[in-house]
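Please look through the structure shown here before reading the notes that accompany it. The briefing below is arranged by topic.

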Amino acid sequence: MIVPKLIRDCLDALLHPSARYDALVSARHRAFMAPRLLGSLAAFAAFPVYLAMRGAPTAIEVLVFGWLIAPILLSYFLSRTGRYESAHVLSSLALTALVLTVAFKTGGVDSFIAFWLIAIPLEAALSASRRVVGFASALALSAVALLIAASYFDVMPVSEVTPAAERIFMVIGIASGVLYAAGLAYGAESLTRISVSLLYVEEDRYRLLARNMSDVISRHHRNGAVEFISPAVEQMLGVPASRLMGHGLFDRVHVADRPAFLTALSDAARSEEARVDFRLRRDRPRNADHPREAVADFIWVEMRCRLMEQAPGQQEMRKPEVVAVMRDVTDRKAQEHDLDGARIETERANAAKTQFLATMSHELRTPLNAIIGFSEMIVHEDELMINAERRREYAKLINESGQHLLSVVNGILDMSKMESGKFEIVPEPFAPREALLSCCNLLALKARDGGVELVTRTPADIPEMTGDPRAFKQILINLVSNAVKFTEQGGTVTVSAHVEGARLMVRVADTGVGISADDLRRIGDPFFQAGKTYQRRHEGTGLGLSIVKSLVALHNGEMTVESKIGEGTTVSVALPLSFVAPAEPVEISNVRPLGAALRSGQQTYQVRKRA
Amino acid sequence: MAKTVLIVEDNELNMKLFRDLLEAHGYNTAAARNGMEALTLARKYRPDLILMDIQLPEVSGLEVTRWIKDDPVLHATPVVAVTAFAMKGDEERIREGGCEAYLSKPISVGKFIETVRRFIG
């Protein structure tokens, strides 16, 4: 095994640099040089032996042996220049010249050497070049024709070879010819083997790619029709590639994304690279829950496409085709969507904060205006001719405004306490019915002033409950005064209570202005009052419901708001009869629409507090 | 002849403050509690100046100002916004809405009267 390896290493050292990196080309170069170098060297080695056996050589013998240098020169030529086809042509020319010369001297077409002309095209066959084979065949045929013509026109010199020598030459010629043919056959076989194994390597490489690549490669007609799609698509869409040919893929593109899909392909067909994201319908494997139907859903796909490079010489016969690479980007899209959601939520929170500040500033400035204004008037009482009675009146107004200001400040403090979890609930037993009735009595006057009927419906058998009675009263006062405030003259506010399981249900229903669906989502946000900012219909801090919401949550209860614009609002509060502190910090503004619970055109939203 | 000022203000205490202040300085006053009333009274009394609260029930003071500025008879009447909206950008927004001047609550009595005088002497 050492000798072939040595030979191989020598040959590799002789390879022209341009042939070193392509396995097939270097195999061809080796196949060209190996037999020539080995043959020539063997012949040189044999020359002394031949001379010893034959004595002084004839001119032809010298010529033949001299010619054996030619293959070495040819190998050298190839080694230096890397011009494989030229080396083959030169080789054919050298062999032809040798055969012709010897044949002329040894009897023309009848010569023992004439059959060597067969070797010329055979040798050229190894070149894998049609031009070289054509040239070599023409050369061999011309040589044959030349020899035949020479013997026909009798211009052939008389053979110098004796019949005895001719027999020896015949033997040597045939033996060397067979050896040469064997060399050629061996070279041809090894070239074929190398190219086949190279094919396998290539195929393995592609198979590896195809098996491990989740991207789908497809070829499209410019109108989008699929002409080829790689089998990876089955993994992606759950359907075999064959069902996506033609318009099969297009049919799976989401209707809304179809224009973008087609535009990308036609852009690519005009030789612009295009990139498009679209949704594709995927068939989920049938599962136990849905044995009959394949469940379909959409995945996001990113497709990059460009005009397909065409093989040279084929331009005129092919229509432009587009090659596309598709990749499943559903996860990325989902992340982008989540980010968007988070961004919108942050913006909303910021807007709410700004709104909160603006409203707080407004609510503080309104009573301050009266306080500062009236007190300033008293300061200038002489100029303004303010008498004692007026002064007393102003003092009363300043006091009133101060009280209002105090209630706003207290509301804000309560709110912030509750938001930071510092509002303390002091549970004790109390009678909810009495508390409810006393709250309603407090507000009866306000209701009468506004022309609103205040109705209470509370069964006498409501049991005692534990909880914070101050908080309970605060809840009721806020809810009822809200209801009265937002109800027009002639309307009704109904306060009812009953026990349901282990909870006390309190409902405050009005026939007031109602709340739009959009505003309903934000009801209970601090300072939020339904309607546009500058267009507030009713006085108030907008803190009432927000405080109720938090107090209810602190009692482990639940608050629900139902409303319809122009027809009224119902706030329901459910409180446990025996107080249990919430297990986790109370979360404010956890409002969720109840899309499914639409009652005959009435939109219902629910404000749920987490326990 | 005494000039007339129309006060558009939904808060009773503030209404009383502006009324008393203006009357003490010799102006006649008319009082409107909402936008519709403001327009009706403005047409009825043709006031020399309108003091406009911006946050009003039903229709905002900005909207009412727009109506007044679009009215062929009333459009020349100066409108002074008196509002508790005193956040950044509120003054610009209110001036863009067509108000000739802007006073933020709480008012300073001196500045208030000075502003009124600037428009109607």
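This is a predicted model: local features need pLDDT of at least 70, side-chain atom pairs count only at pLDDT 80 or more; totals for chains, interfaces and linings use all residues.

Residues are numbered from 1 along each chain as its sequence is written, chains are lettered from A in the order in which they are written, and side-chain values use heavy atoms, leaving out hydrogens and water.

**Chain B**
- Chain B has five helices and five strands, where helices (H or I, at least four residues) and strands (E, at least two) are DSSP runs numbered from the N terminus.
- Along the sequence, these elements of chain B follow the pattern β-α-β-α-β-α-β-α-β-α.
- Of the 121 residues in chain B, 56% are buried, a word that stands for under 20% relative accessible area, with exposed over 50% and partly exposed in between (1.4 Å probe, protein chains only).

**Helix H14 of chain A**
- Helix H14(A) covers residues 469-485, and its 17 residues should span 24 Å at 1.5 Å a residue, which agrees with the 24 Å between its end C-alpha atoms; the expected span is 1.5 Å times one less than the number of residues.
- Twelve of the 17 residues of H14(A) are buried, among them Phe472(A), Ile475(A) and Leu479(A).

**Helix H6 of chain A**
- Leu122(A) lies in helix H6 (residues 119-125) of chain A, and Leu122(A) is partly exposed, with a relative accessible area of 47%.
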